Amino acid sequence: MPRGRPATNAPILAEDVARILDKLVKAFRKVINHGVPESLRHAMFDACKSFFDLAEKEKLEYAGKHVLDPIRCGTSFNASVEKVFFWRDFLKVFVHPEFHAPNKPSGFRQGFLILNSFNLRLNGTLKDVNLKFSFSREISLEYCKRTREVAAELLKGISESLGLEENYINKALELDIGVQVLLANLYPPCPQPELAMGIPPHSDHGCLTLLMQNEVGGLQLKHNGHWVQVNAIPKSYLVNTADHIEILSNGKYKSVLHRAVVNEKCTRMSVAVQHGPSLETFVTPAFELVNKENPAAYHGMKYKDYVEQQQSGSLNGKSCLERLRV
Ligand SMILES: O=C(O)CCC(=O)C(=O)O
Ligand SMILES: [Fe+2]
């Protein structure tokens, strides 16, 4: 869609999707070639794994109670209200606008050596070797900064596809002071996987989630009424649109309903980074997308209230979003 095209409430067209995909692909290329280095992704993954490997009493320090606690680990989704626990351990860390990281394991806070360029010119004999390294900040700080940049790029593409100015979403949702959460999930082998669930069907509450997973499948998306398995594609992120993109776009984008199933043999792990509005932002459908033919489909709500509401109960599909439907 050419920039400057007036915002309409027509459904998203194939050409728009093509543009978004193009943007996504560009962003992913950026991730692979210039963005989040593979070694940094691995280091982040390993740090999360080491957290789960800590002794139970070491993790106890982070067994937070409140959904907005900056660092919280636990089992299931919300063990205080669930009658049946889900087959999952999690670590949840608020990393923006204020950065937090657990002190243990050391992997979270270690500096990180990044290979920036490597030129080796061979002309019969070795002529020129140029190795450039830089020493980054703590692994999780660096990793979250990079994924935030990717999310901001993707949101520009989504803004444009809605006929809005490219920085519209980033500004409207105050992403520069937005909430970013690092969320690691561990699903150990389960003796009776057909009777268990890793995480029940839900949509994420923010705007965009960037997810990486190990080679063990288990993530499923609801597509045309069926659950479809999504396998990990090496070096890539799975990007989920979340509830606040559905609200802001007045329903033109839908948040993705997903769940994680477990298996008998292998441990599955995923590391998601969720990007949402600032806690104090009151989010409504974009004014530009609302008119007589397309009235606002959702009531507005402060993001903080939405997060508390969604995270304090049991996860139940898109029920939290449904409550905002006009
Ligand atoms: O483990 C997964 O692949 C999905 C986890 C998830 O949906 C979540 O933590 O919100
Ligand atoms: Fe999720």
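Start by selecting Pro 105, which is placed in the loop between S2 and S3; helices (H or I, at least four residues) and strands (E, at least two) are DSSP runs, numbered from the N terminus. The model is predicted, so local features need pLDDT of at least 70 and side-chain atom pairs count only at pLDDT 80 or more, while totals for chains, interfaces and linings use all residues. Residues are numbered from 1 along each chain as its sequence is written, chains are lettered from A and ligands numbered from 1 in the order in which they are written, and side-chain values use heavy atoms, with hydrogens and water left out.

Show the backbone at Lys 104 and Pro 105: the peptide bond joining them is cis, with omega about -5 degrees. Next select Pro 97, in the loop between strand S2 (89-96) and strand S3 (112-123). The bond from His 96 to Pro 97 is also a cis peptide, with omega about 5 degrees.

Go on to Glu 174, in the loop between helix H5 (168-172) and S5. Glu 174 is not a glycine, yet its phi is positive, near 50 degrees.

Now select the iron ion (ligand 2). His 202 (NE2), Asp 204 (OD) and His 258 (NE2) coordinate the iron ion at 2.1 to 2.2 Å. Donors here are N, O and S atoms within 2.8 Å of the metal (3.2 Å for Na, K and Ca); water is not among the atoms, so sites may look incomplete. Along the chain the donors have the spacing H-x1-D-x53-H. His 202 in strand S6 and His 258 in strand S11 (residues 258-260) link distant parts of the chain, 56 residues apart.

Move to ligand 1 and display the residues around it (a heavy atom within 4 Å). There are 13, and the closest are Tyr 187, His 202, His 258, Arg 268 and Ser 270.

- Tyr 187, at 2.6 Å
- Ser 270, at 2.7 Å
- Asp 204, at 3.3 Å

On its own ligand 1 has 300 Å² of accessible area, of which the protein covers 97% (Shrake-Rupley method, 1.4 Å probe). To finish, colour strand S5 (180-187), strand S6 (199-202) and strand S12 (268-275), the elements that give two or more residues to the shell around ligand 1.

How values were computed
A polar contact is a pair of N or O atoms within 3.5 Å; within protein, one must be able to donate a hydrogen and the other to accept it, and residues adjacent in sequence count only if both atoms are side-chain atoms.
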